[in-house]
Amino acid sequence: MRRLLIAVPFLWLLALFIVPFVIVFKISLSDLAVAIPPYTPTLDVSEGWAGLKAFFAELDFENYIWLTEDALYWKAYLSSLKIAVISTLLTLLVGYPIAYGIARAPQEWRAMLFMLVILPFWTSFLIRVYSWMGILSQEGYLNQVLLWIGVINEPLIILNTNIAVYIGIVYTYLPFMILPIYAALEKLDISLLEAAEDLGCSRFSAFWLVTVPLSKQGIIAGSFLVFIPTIGEFVIPSLLGGSRTLMIGKVLWEEFFSNRDWPVASAVAVVLLLILIIPIVLFQRNEQKQREANQ
Amino acid sequence: MALDVFAPWDDPNAKPLIQFRNVTKRFGDFTAIDDLTVDIFEKEFFALLGPSGCGKTTMMRMLAGFETPTEGQIILAGQDIGPVPPNKRATNMMFQSYALFPHLSIWENIAFGLKRDKMPKDQIGERVEEMLRLTRLEKFARRKPHQISGGQRQRVALARSLAKAPKLLLLDEPLGALDKKLRQETQFELMDIQETTGTTFVIVTHDQEEAMTVASRVAVMDHGQIVQVSTPDVIYEAPNSTYVADFIGDVNLISGKADPRGERLHMHWAEGQPAVVGSPLDGAAKGQDLHYAIRPEKVSISAEKPENAANAIQGEVHDIAYLGNISTYHVQLPGGQIIKAQSANNRRISRRAFTWEDKVWLSWTDTAGVFLER
C-alpha cells in the first residue's frame with residue numbers, strides 16, 4: 001500500500017516529465033530533414049537489432065555545438081537571464097509593500113484585499129496581455145492620459161520595448177510574489193517590532209533588522225516563483241516586446257515554428273531546462289530549510 | 001542596629017522617578033485610564049495588580065511609549081515623556097511573549113539594544129557577558145531562542161531588557177508563561193536581580209501572590225483607576241475597600257449598620273446575632289452602612305464558646321477544604337451566611353477536631369478585622 005502511494009508521484013513524474021524529456025532530448029540529437037516528422041533518424045522497430053544500432057549511430061551533439069557557434073543563442077540566454085533578474089527585483093519592489101499592507105490591514109479587510117490580488121486571474125491571461133497593448137501603445141490610454149494632463153508633449157514609446165516587457169511580467173507574476181511574502185509577514189509577531197523600537201530602533205531600522213530578515217523565506221520563495229517561469233517566458237516578450245527584445249522563449253518559438261528546425265529547437269529547450277534546474281534546486285533547498293526551521 | 005527601611009513614599013522630600021499626573025487614556029469611547037495620579041520612586045519594585053481590562057497594561061505601554069496619554073502628563077526623572085518615542089526613552093520593557101528575535105542568537109538578542117546605541121564592540125562584548133552571567137545563561141549564548149527552554153527564554157528577555165541599564169524596567173506579566181514551581185523560583189531571582197542592579201522595576205501582573213512576593217509597593221487597579229497603593233502588608237491587612245480586600249487573598253465580608261460606642265465600633269448585621277466589634281472607623285455615624293472584612297486565618301474555630309472573645313458566633317460546619325498545610329472550614333450561621341475560618345493542620349488529619357455538621361464557635365479579637373465604608 002505504501003509503495004503504491006509513493007508510486008503515484010513517480011508515475012506522474014515519469015509520464016509527464018521524464019518521457020517527454022527523453023523524446024525532446026532524442027530530437028535534439030537528430031538532424032533536420034524534409035519529412036514528417038521533420039527530423040531523422042526515426043526508430044524503426046521492424047528492423048530489429050540492426051535498425052536500433054543504425055538509429056543510435058546517427059545521433060550526435062551537432063545541434064549543441066551549433067548553439068555555441070551562433071552568438072544569437074547565448075545572447076538570448078543571457079538577455080533572458082537579465083530580463084528575469086530585473087523583473088524579479090521589480091516584482092519584489094512592487095509586491096513587498098502590497099504584501100506588507102495586506103498583512104497589516106484589519107483582519108476583516110484581508111480577504112477582500114486578497115480577492116483584489118487574485119481577481120485578474122479570472123480573465124484569460126492572453127486577453128490581459130492584449131489589453132496592456134491597448135494601454136501602452138502610442139495612441140494608448142496611458143499616453144492619452146499623460147498628454148491630457150500635460151506631463152508629456154509627445155507620446156512615449158513604451159510598447160515594443162523592454163519596458164513594456166517588464167511591465168507585463170511584473171503585472172502577470174505579482175500574485176506569486178505577494179502570496180509567499182504575505183504568508184511570512186502574517187506570522188510576524190507585532191511585539192517583536194515593539195521590542196526592537198523599545199531597544200532603540202527607529203521604525204525604519206526595525207523594519208530592516210526585524211521585518212526583512214523574518215520575511216526572508218517569503219522573499220526567496222516569491223523571487224524563485226517569479227524568476228523561474230520568467231526565464232522561459234514567451235507570450236509577454238512576443239506581444240509586448242519589440243524586435244530587439246531577445247528572449248530564449250521567443251528564439252525557441254522561432255526555431256520551432258518559423259524555421260521548422262525541431263532538432264535545434266529541442267537543443268535550445270534542453271539547455272534552457274539545464275539552466276532552470278539550478279534555481280529550482282536552490283528553491284527546493286530553501287523550502288527544505290524553511291520546513292526544518294519551522295519544526 | 002536597625003535596618004534602614006526602604007520607604008521613600010513616606011518621605012515628603014523624596015523625589016519620585018516617575019509621576020503620573022492626572023493621566024487619562026481613551027480608546028474611542030472606552031476609557032482605559034481614568035484621571036490617574038501616582039508617584040513611583042527610584043529603586044522601587046512597583047507592581048500594578050488588577051483583573052484583565054483594568055488598565056494596567058495600558059499604563060505600562062504608556063511608560064514604554066507605545067501609547068500616549070489622551071490627557072495629563074507622565075514625568076520621568078523630571079522630564080515629560082509624552083512626546084518622546086519609545087526608542088528615545090530610558091526605559092526598557094520585558095514583553096509578556098518575551099518577543100525574542102527568532103533569527104538572532106541569544107548573544108545577538110542581548111546585544112541588540114547595545115548595538116543600536118553605537119557602543120564600541122569590545123564594550124558590547126563585555127556587557128553581554130555580564131548579562132549572561134547575571135542570568136546564568138553563559139552556556140546558551142550561541143543558541144537560537146527556539147533551542148532553549150521557556151524558563152531560559154524568560155531570562156534572555158530579562159537580560160536583553162536590562163542590558164542597556166535602563167532607568168526604568170517594565171515587566172509585562174514576566175512569569176505568566178512559566179509553571180508554578182519555576183515561577184516561584186524566578187520571583188526570588190527577579191528580586192535579587194532588581195536589588196543587584198538597583199534598577200527601578202514596574203511589573204504588571206494579575207497574580208496577587210506574585211505581586212505580594214516581589215513588590216515593594218502594590219497598586220491595585222480597577223476600571224482604569226488605582227484603588228489603593230501601598231506596601232503588600234498594608235494592602236493585605238488594611239485594605240481601603242471591599243474591592244481590594246476581596247481581590248487580595250481570601251476574605252469574609254459582612255455588611256451591616258454602624259453603632260459607634262466610644263473606643264469600639266459595633267456593627268449590627270443580623271437579627272439575633274451579636275454585633276461585630278472592632279476598631280473604630282473615622283467618621284462612621286450611627287446607622288451608616290458599613291462592611292466588615294476579616295481574613296479566614298484570623299478566625300478561630302472551637303467546640304466551646306471561648307471566654308473573653310470580643311466576637312463569638314455559633315454555626316455549623318458546612319464544608320471543609322483540606323489543603324494539606326491548612327484547612328478551611330466553611331461554617332454556616334443560623335441566618336444562612338457562610339463564614340470561612342482557617343486553621344493550620346499542625347496535627348495529623350485523623351486527629352482532626354471537627355467534621356461535617358459539627359456545631360462550632362467562631363471567634364476573633366476586636367482588632368482582627370477592618371471596617372470599610374465601600
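**Figure 1. Parallel pairing of strands 6 and 7 in chain B of the predicted model.** Strand 6 of chain B runs parallel to strand 7 (residues 168-172) of chain B, and 4 bridges connect the pair. The structure shown is a predicted model. Within this pairing, B:Asn92 has B:Leu169 of strand 7 as its bridge partner. Strand 6 comprises residues 91-94 of chain B; B:Thr91 and B:Met93 point one way, B:Asn92 and B:Met94 point the other way, and all are buried. In a regular strand the side chains alternate between the two faces of the sheet.

**Figure 2. Surroundings of B:Thr199.** B:Thr199 occupies the loop that connects helix 5 (180-197) with strand 8 (200-205) of chain B. This residue counts as buried because it has 20 C-beta neighbours inside 10 Å, and 20 or more are required for that class. Not counting residues up to four places away in sequence, B:Thr199 touches B:Leu162, B:Pro166, B:Leu169 and B:Gln194. The C-alpha atoms of B:Thr199 and B:Leu168 are 6.3 Å apart, although the two residues are separated by 31 residues in sequence.

Figure 3. Strand 1 (residues 18-27) and strand 4 (residues 71-76) of chain B are antiparallel and share 5 bridges; B:Thr24 has B:Glu71 of strand 4 as its bridge partner.

**Figure 4. The five-stranded open sheet of chain B.** The order of this open sheet of 5 strands is 15-19-16-17-18 (chain B), and its pairing is antiparallel. From one strand to the next, the twist averages 45 degrees. Strand 15 is joined to strand 19 (residues 359-364) of chain B by 3 bridges, and the two run antiparallel. Here B:Ile301 has B:Leu362 of strand 19 as its bridge partner.

**Figure 5. Nonpolar cores.** The largest nonpolar core has 100 residues, and those with the most contacts inside it are B:Ala47, B:Ile110, B:Leu170, B:Val202 and B:Ala219. Helix 2 (residues 106-116) of chain B gives the largest share of this core, 6 residues. Leaving aside neighbours within four places in sequence, B:Ala219 is in contact with B:Val38, B:Phe46, B:Ala47, B:Leu48, B:Leu49, B:Ile226 and B:Val229. A second, separate core of 46 residues includes A:Tyr73, A:Val170, A:Met247 and A:Val264.

**Figure 6. Helix 1 of chain A.** The 27 residues of helix 1 (residues 2-28) of chain A should span 39 Å at 1.5 Å a residue, and the 38 Å between its end C-alpha atoms agrees with this expectation. The helix has a kink of about 40 degrees, centred on A:Leu14. Helix 1 of chain A is hardly covered, with 2 buried residues among its 27 residues.

**Figure 7. Contact between chains A and B.** On the two sides of the contact are 14 residues of chain A and 17 residues of chain B. Helix 9 (190-198) and helix 10 (203-214) of chain A are the elements that give two or more residues to the side of chain A that touches chain B. Helix 9 of chain A provides the largest share of that side, 6 residues.

**Figure 8. Backbone geometry in loops.** Most residues other than glycine have a negative phi, and most peptide bonds are trans. A cis peptide bond joins A:Ile36 to A:Pro37, with omega about -10 degrees; A:Pro37 lies in the loop between strand 1 (31-32) and strand 2 (39-40) of chain A. Another cis peptide bond joins A:Thr40 to A:Pro41, with omega about -5 degrees, and A:Pro41 lies in the loop between strand 2 and helix 2 (48-57) of chain A. A:Arg260 has a positive phi near 50 degrees and is placed in the loop between helix 13 (248-258) and helix 14 (262-294) of chain A. Because A:Arg260 has 12 C-beta neighbours inside 10 Å, this residue counts as exposed. B:Lys43, also not a glycine, has a positive phi of about 65 degrees, and its place is in the loop between strand 2 and strand 3 (45-49) of chain B. With 15 C-beta neighbours inside 10 Å, B:Lys43 counts as partly exposed.

Key. Residues numbered from 1 in each chain as written. Chains lettered and ligands numbered in written order. Predicted model: local features only at pLDDT ≥ 70, side-chain atom pairs only at ≥ 80, totals over all residues. Pairing = 2+ DSSP bridges. Expected span 1.5 Å × (residues − 1). Bend = angle between axes of the 7 residues up to and from the residue. Core = buried A, V, L, I, M, F, W, Y, C linked by C-beta atoms within 7 Å. Contact = placed C-beta atoms within 7 Å. Axes fitted to C-alpha atoms, helices over the stretch in contact; angles between N-to-C directions.
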